Amino acid sequence: MREFFEISDRFIEAADANELLYEPLGSGVTTRRTRRYEVEFEGGKTALDAFIRKTLFDEISQDFSEGDEAALEGFSFVVEYGMKPGALDLEKEAILTYYRGITDPGFELKDLKIRQRLYVFDAEAKDSDRFIRDICNGAIHNWNVIQGS
Amino acid sequence: MEERPCAVLLKFPGTNCDGETARALETVGFVTEVVQISELTPEKLVGVRLVVLSGGFSYGDYVMAGRLARLVTEQKVGETLKEFRDNGGYLLGICNGFQILTQLDLLPAGSLVENTSGRFQCQWVTLKNRAPQSPFLSQLPESFEFPIAHAEGRLVTREAGEAAGYVASGAAALTYATDVNGSFEQIAGLQDETGRVFGLMPHPERFLRQEDHYDPDWSSGKDGGETHGSGYYLFRSLYDSVTSTSE
């Protein structure tokens with residue numbers, strides 16, 4: 001079975017997109033980041049949910065959404081990127097090490113993929129190339145772009 | 001001969017301020033043992049009066065600062081740190097240690113998130129001592145300076161009113177004099193109800209000596225040609241509190 005979770009920071013407001021780019025894009029373009037987890041598992045869904053909430057989510061400062069839909073609305077596009085298969089993802093390894101130390105977790109974690117989602121607001125669709133060029137590293141990352149409606 | 005109180009300094013993968021924090025503890029009189037989290041057992045805390053969680057980037061700050069350190073600590077020793085507190089022990093968390101103590105629910109509810117600047121901030125700040133009776137702050141003046149060095153030091157609560165409550169109740173023992181990082185109510189440090197658990201984002205261990213200050217003419221203002229920095233007085237306050245209370 002496969003589940004998707006997306007976690008966004010409640011208190012972090014949209015930031016000026018130019019801070020992420022080598023060449024300014026112009027005024028008014030903003031970004032927000034979230035983190036998306038793709039989990040492949042067998043066993044109890046309730047136990048998995050409890051693990052995800054306890055391990056990856058902070059009730060005070062974050063919002064939690066489940067499913068494959070984008071957690072934020074009104075974006076121009078989203079650049080979603082993460083480590084290539086085979087590249088060392090230290091965050092994933094730290095989470096898996098913790099998981100392996102749990103006695104009887106109630107589910108079996110088969111695979112975990114961590115993806116960063118960069119939501120870009122008030123930009124043009126073609127601008128996504130600029131973000132990919134300046135943020136993603138072709139040696140270690142793979143990425144995809146989700147266009148806004 | 002007077003017996004020196006024992007302190008344990010917990011070290012996680014990524015902790016990097018343990019050396020200078022241990023030096024600060026030894027300077028004021030504690031016998032200090034640095035204990036790797038992988039080697040922590042409840043027995044290690046028998047006879048110990050103080051547990052310190054120092055600064056750094058435990059587990060690379062993955063997921064969020066302090067989260068994995070909390071999970072591993074709970075996995076390793078369960079409620080041991082809470083029992084240690086309940087039995088009269090003192091706990092101090094500095095920077096990443098503060099983040100870990102909040103995650104462990106040893107301090108009033110709050111989370112330390114990214115600074116509003118969106119950047120790692122490394123600078124000196126002026127602080128207000130709002131709890132002069134605190135075992136950690138009793139020898140510090142109303143206002144003093146410490147250095148900060150953090151990216152995730154903005155204290156937030158579920159509702160802004162909660163943070164105001166912390167100021168009113170005295171739980172917010174330390175506040176910034178100006179808005180440094182967007183912390184609610186400019187909170188820089190929290191204490192629990194017992195007063196024996198204290199966490200702060202600034203680094204007192206980096207200001208042990210007068211010459212650590214950026215201004216060569218800085219003086220604590222104390223008589224007798226003191227050469228100590230303000231950080232020394234935090235550790236000295238703690239030492240005096242620990243030694244004045246029976247185990």
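These notebook entries record what I looked up in a predicted model.

**Conventions.** I number residues from 1 along each chain as its sequence is written, and chains are lettered from A and ligands numbered from 1 in the order in which they are written. For this predicted model, local features need pLDDT of at least 70 and side-chain atom pairs count only at pLDDT 80 or more, while totals for chains, interfaces and linings use all residues.

**Chain A.** I counted 3 helices and 7 strands in chain A; these are DSSP runs, helices being H or I of at least four residues and strands E of at least two, numbered from the N terminus. Along the sequence I read the pattern β-β-β-α-β-β-α-β-α-β.

**Sheet of chain B.** I looked up an open sheet of 9 strands with mixed pairing, in the order 2-1-3-4-11-10-9-6-7. Strands pair if DSSP finds at least two bridges between them. Strand 2 (31-36) and strand 7 (143-150) of chain B are at the edges with a single partner strand each, so one side of each has no neighbour in the sheet. I also noted that strand 4 (residues 90-94) and strand 11 (residues 197-200) of chain B pair in the parallel sense over 4 bridges. In strand 11, B:Leu200 is the bridge partner of B:Ile94.

**Helix 2 of chain B.** In this helix (residues 67-77), I found buried residues including B:Leu68, B:Ala69 and B:Leu71. A residue is buried if 20 or more other C-beta atoms, placed from the backbone, lie within 10 Å of its own, exposed if 12 or fewer, and partly exposed in between. Just after the helix, I noted that B:Gly78 takes a positive phi of about 55°.
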